[in-house]
Amino acid sequence: MKKIFKLILNIVPRPILIRISFIVRPILAFLLKGNRFTDPIDGKSFRMFLPYGYGNQRNNVLSPSTLSLERHRLLWLYLQNETDFFTASMQKKVLHFAPEQEFYKRFKKQNNIQYTTTDLFSPLADVKADICNLPFEDNTYDIIFCNHVLEHIPDDTKAMQELYRVLKPGGMGIFQIPQDYSRATTFSDDSITDAKERAKIFGQYDHVRVYGMDYFDKLRSIGFRVEEVDYTKKLGATLVEKYCLAPGEIIPVCYK
């Protein structure tokens with residue numbers, strides 16, 4: 001199964017994968033029913049989660065029902081338990097880059113948010129836009145989600161400046177990225193052009209850098225106030241295992 005999933009991820013373009021997943025997802029959820037692991041996004045439980053990864057495959061990480069990964073489930077739990085995202089009585093304006101399908105329909109249905117999605121390529125995007133040149137006014141959004149996007153952007157400084165510009169004063173942004181916590185500094189090398197070599201070094205063929213622990217300070221240099229939230233520590237080992245989370249993953253919660 002791991003080899004099949006790896007082959008599909010590396011051959012089929014992401015927009016097509018998104019469309020196919022709507023058909024495959026209910027079949028997988030039915031076949032893998034059980035009670036070992038639970039997806040907190042929809043509350044459904046399974047005997048196993050699916051493997052995932054463009055290079056090295058991780059076991060029990062992809063939920064059969066929502067197709068969420070560790071980072072998605074962690075973000076959901078954080079929003080649910082630590083913020084008023086789902087319960088605020090006053091409507092908030094939310095901008096979501098490259099919207100993940102496990103969130104898309106659920107956020108769309110929320111009456112307490114005005115929800116806008118954006119991306120250059122995603123079929124789920126309301127607005128086709130370049131993150132380095134956004135077509136939105138200054139100080140527009142109360143909340144911005146931009147998760148696993150910046151590692152694809154050559155000029156991530158400009159992208160961060162645009163995120164800061166369109167976020168309202170007092171607003172919150174969550175900008176998750178794949179991060180090597182053992183690295184003090186971010187690594188990039190544009191001379192590496194072979195797709196297989198880039199996947200080996202950067203974790204995915206279309207990533208342009210590996211972020212280190214200096215990522216948070218770079219966000220601060222743009223003007224954000226950044227909280228480095230290790231939410232798995234607060235949840236504890238039992239829930240981390242139950243929800244198939246990545247122990248020690250840090251959520252970058254940014255404020256303007």
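How many helices and strands does the secondary structure of the chain come to? The count is 9 helices and 11 strands, taken as DSSP runs numbered from the N terminus (helices are H or I, at least four residues; strands are E, at least two). What you see is a predicted model, where local features need pLDDT of at least 70, side-chain atom pairs count only at pLDDT 80 or more, and totals for chains, interfaces and linings use all residues. Residues are numbered from 1 along each chain as its sequence is written, and side-chain values use heavy atoms, with hydrogens and water left out.

**View 1. Helix α3, mostly covered.** This helix runs over residues 70–82 and spans 18 Å from its first C-alpha to its last, close to the 18 Å expected at 1.5 Å a residue (the expected span is 1.5 Å times one less than the number of residues). Of its 13 residues, 10 are buried, among them W76 and Y78. Buried means under 20% relative accessible area, exposed over 50%, and partly exposed in between (1.4 Å probe, protein chains only).

**View 2. Q110 and its partners F85 and F86.** Look for Q110 in the loop between α4 (101–108) and β6 (113–119). Its relative accessibility is 12%, so Q110 counts as buried. Leaving aside residues up to four places away in sequence, Q110 touches F85 and F86 (contact means heavy atoms within 4.5 Å).

**View 3. Aromatic rings around F85.** The whole structure holds 19 aromatic pairs. The ring centres of F85 and F86 are 5.0 Å apart with planes at 80°, so this pair is edge-to-face. Here rings of Phe, Tyr and Trp (its six-membered ring) pair if their centres lie within 6.5 Å; planes under 30 degrees apart count as stacked, over 60 as edge-to-face and the rest as tilted. F85 and F107 also make an edge-to-face pair, because their centres are 5.0 Å apart and their planes at 70°. F85 sits in the loop between α3 and β5 (92–97) and F107 in helix α4, so the pair ties together parts 22 residues apart in sequence. Both F85 and F107 are buried, while F86, at 26% relative accessibility, counts as partly exposed. One aromatic cluster includes F85, F86, F107 and W76.
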